[in-house]
Amino acid sequence: MRESRTILGMRYGIVLLFMALYLLPLLYLFNVSMKTQFEYLANPLAIAESLRFSNFVEAWKLGNFAQYLWNSVLYTVTSTALSMLLSLIAAFPIARGYVKFSSFFYTFFLISMFLPNPLIPQFALMTELGLYNTQIGYILLRTTGTGIAFLLIVGYIKSISRDLDEAAAMDGCGYIRYLFTILLPLTKSVLATGVILTAIATWNDIIMPVIYLSDQSLAPVTKGLFAFRGQYLNNWPLLACGIIIVATPLIVLYAFLQKYIVDGALAGAVKS
Amino acid sequence: MYPFGKGLSRYVPLLLLMIPVALYVLLAVGPSMVTIVFSLTDATGIPGTSWKFIGFDNYKEFFTASNASDQVRAISRSLYFAFAVVLIQNAVALLIAIIVNKRLRGDVFYRATYFLPVVLGVTVSGLIWQMLFNPMGGPAQKLLNVFGTQSNFFGSYDIAFELIIFVQIWMYMGYSMTIFLAGLQAIPKDLYEAGYMDGARGWASFRHITFPMIAPAITVNILLSIIGGLQTFDIIYVLTGGKFETSTLAFNVFAAAFATTTSDFGRASAIAMIQFVFVFAFAIVAMLYFRKREVEL
């Protein structure tokens, strides 16, 4: 089936038009970040007169980004690691039917998506437990063994033969040892996807930190950037530097793990 | 059969499973259910204050209080938001997916770029668009000036809400596109060749081959965007903080509980229940309709 030049041209035209909508904002962001406030006010659209990386140094200091980045790393690493551990513990017996009512549990873990927003009783509970405005409390809230990673691992374990369980058990391997020394290495690829999806969701979370981490010294980078905007409302060159400081780790990570991220997001969506 | 031993060790899997179950019940399902109870009380977020049951007063207040028209407008905005996102996001995503699916120079790069906002997250994406829609000489303002007009953008009662919808679609279009693309790539090529033999070209081939074959992807995308459209409010928080007539039901739950000095937990819970009714109704209707359609195709 051959297609005419007009149609091919139209296809490129539409794709490139949308590409502009996604890439031009980033280019503009970078351009603004290289300007002085004076240059920006004089003409926001003009190309920056020179590369001025000192803007970043200033934003880094004024915005307290070192602290925020550290908090984000702490929250993301701990809650993602715990989530993977719990997801594995939940997924294996359910995928294999090693517990009664395993299909009930599977459905049960999906329904929270449709239930009323748990925000308010959850907040009351966390306050009651003394976990409001604590790092442990926020990490606990971001930890789950029943989310996207769980769904992905269940699907993956079903594709691993049961014979392996039986052979290992025959050789005297116990349940816990089997789970962590034999099964865990086998599920590496799907765990990697789970790690990425869970980590992105935690890293980018803004609402829960706003609710649960009122102390600014506990804020992750999202809440920190938001506060930075509130403080330097019209100093867009400085703000642009702040945005780039927060976005760069994500863009670098994405450049390397692009395939995992997109495939993983896809698998997660279709499973749920 | 369970191969790892008998007797007490038989209960190890269940025991371990109870850890994630406990966490899920305690922090997700439990609080969801208790929302019903909270909605019937006058509880506040102020520590140490007492509370009592007040029946359906929170619901009555929602529909009859002096600001009831605000609440009704929030409902209609929620529906407007959800419908706009469902229709536009999926239409654009399907169009791009079809274009990128065929051989095109640099297609991997296009796909990666459209997906980037999901990775950047709502705070970074939101601030980037605030910069572009900066009323003080931002690029969008310059463009309007060429046509002899101007706007306050996110500070305008007329279009702030539409701009939020635009940014939401900009952020998640790549996600929907990825799901459509996977559906498209699963269609066997010989189906099109067989169709071509039977005279199916262009639109006919799309209507009778592509469209039925990607029915599952359409179901997934529509369901995700309905649920997302009715539950999302972080984008509103970042872009306008609910000002300029941009608050939805989902945002009002958050605002009533956490963004006012009264922190009215009872009223916020009642709004959460009303929001739940909408999410549940639309999700069920959409699921039944699209699943039925999949079977008929």
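This report describes a predicted model of a complex of chain A and chain B.

**Confidence**

For the complex the predictor gives an ipTM of 0.87 and a pTM of 0.88. In chain B the mean pLDDT is 86, with 99% of the residues reaching 70 or more. Among the elements of chain B, the lowest mean pLDDT, 81, belongs to helix H2 (residues 57–64), and the highest, 93, to helix H10 (residues 234–239).

**The two chains**

Chain A has 14 helices and zero strands, and the secondary structure of chain B comes to twelve helices and, likewise, zero strands. The radius of gyration of chain A is 24 Å, well over the 19 Å that the globule rule gives for 272 residues, so chain A is more spread out than a compact globule. For chain B the radius of gyration is 24 Å, again well over the 19 Å that the rule gives, here for 297 residues, and chain B is therefore also more spread out than a compact globule. The table sets out further values for each chain.

In chain A, the domain assignment gives domain 1 (5–55) and domain 2 (64–231). The C-alpha centres of domain 1 and domain 2 of chain A lie 37 Å apart.

**The contact between the chains**

The contact between the chains takes 73 residues from chain A and 75 residues from chain B. On the side of chain B that touches chain A, the largest share, 18 residues, comes from helix H4 (residues 107–132) of chain B. By residue class, that side of chain B divides into 60 nonpolar, twelve polar and three charged residues.

One helix of chain A gives a local view of packing that involves both chains. In helix H7 (residues 135–142) of chain A, the buried residues are Tyr138(A), Leu140(A), Leu141(A) and Arg142(A). Within chain A, the buried residues of H7(A) pack against helix H4 (65–96), helix H11 (188–204) and helix H12 (207–212), and from the other chain they meet helix H1 (12–38) of chain B.

**The nonpolar core**

The largest nonpolar core has 152 residues, and those with the most contacts inside this core are Ile243(A) and Val253(B). Helix H6 (residues 160–185) of chain B gives the most to the core, with 17 residues. Domain 1 (5–55) and domain 2 (64–231) of chain A both give residues to this core, so the core lies between them. Leaving aside its neighbours within four places in sequence, Val253(B) is in contact with Asn117(A) and Leu119(A) in chain A, and with Ala268(B), Ile271(B), Ala272(B) and Gln275(B) in chain B.

**Individual residues**

Ser9(B) lies in the segment before H1 of chain B. Because Ser9(B) has 13 C-beta neighbours inside 10 Å, this residue counts as partly exposed. Not counting residues up to four places away in sequence, Ser9(B) touches Tyr175(A) and Phe4(B). Between Ser9(B) and Ile19(B), which are ten residues apart in sequence, the C-alpha to C-alpha separation is 17 Å.

Two further residues are of interest for their backbone angles. Most residues other than glycine have a negative phi. Asn64(A), although not a glycine, has a positive phi of about 60°, and Asn64(A) lies in the loop between helix H3 (54–62) and H4 of chain A. With 15 C-beta neighbours inside 10 Å, Asn64(A) counts as partly exposed. In chain B, the phi of Glu245(B) is near 55°, a positive value in a residue other than glycine, and Glu245(B) lies in the loop between H10 and helix H11 (249–258) of chain B. Glu245(B) has 15 C-beta neighbours inside 10 Å, so Glu245(B) counts as partly exposed.

How values were computed. Residues are numbered from 1 along each chain as its sequence is written. Chains are lettered from A and ligands numbered from 1 in the order in which they are written. This is a predicted model: local features need pLDDT of at least 70, side-chain atom pairs count only at pLDDT 80 or more; totals for chains, interfaces and linings use all residues. Two residues are in contact if their C-beta atoms, placed from the backbone, lie within 7 Å. Helices (H or I, at least four residues) and strands (E, at least two) are DSSP runs, numbered from the N terminus. Ala, Val, Leu, Ile, Met, Phe, Trp, Tyr, Cys and Pro count as nonpolar, Asp, Glu, Lys and Arg as charged, and the others, Gly among them, as polar. Domain bounds come from an automatic or database domain assignment. A residue is buried if 20 or more other C-beta atoms lie within 10 Å of its own, exposed if 12 or fewer, and partly exposed in between; C-beta atoms are placed from the backbone. A nonpolar core is a set of buried Ala, Val, Leu, Ile, Met, Phe, Trp, Tyr and Cys residues joined through C-beta atoms within 7 Å. The radius of gyration is taken over C-alpha atoms; the globule rule is 2.2 Å times the number of residues to the power 0.38. pLDDT is the predictor's confidence in each residue, from 0 to 100.
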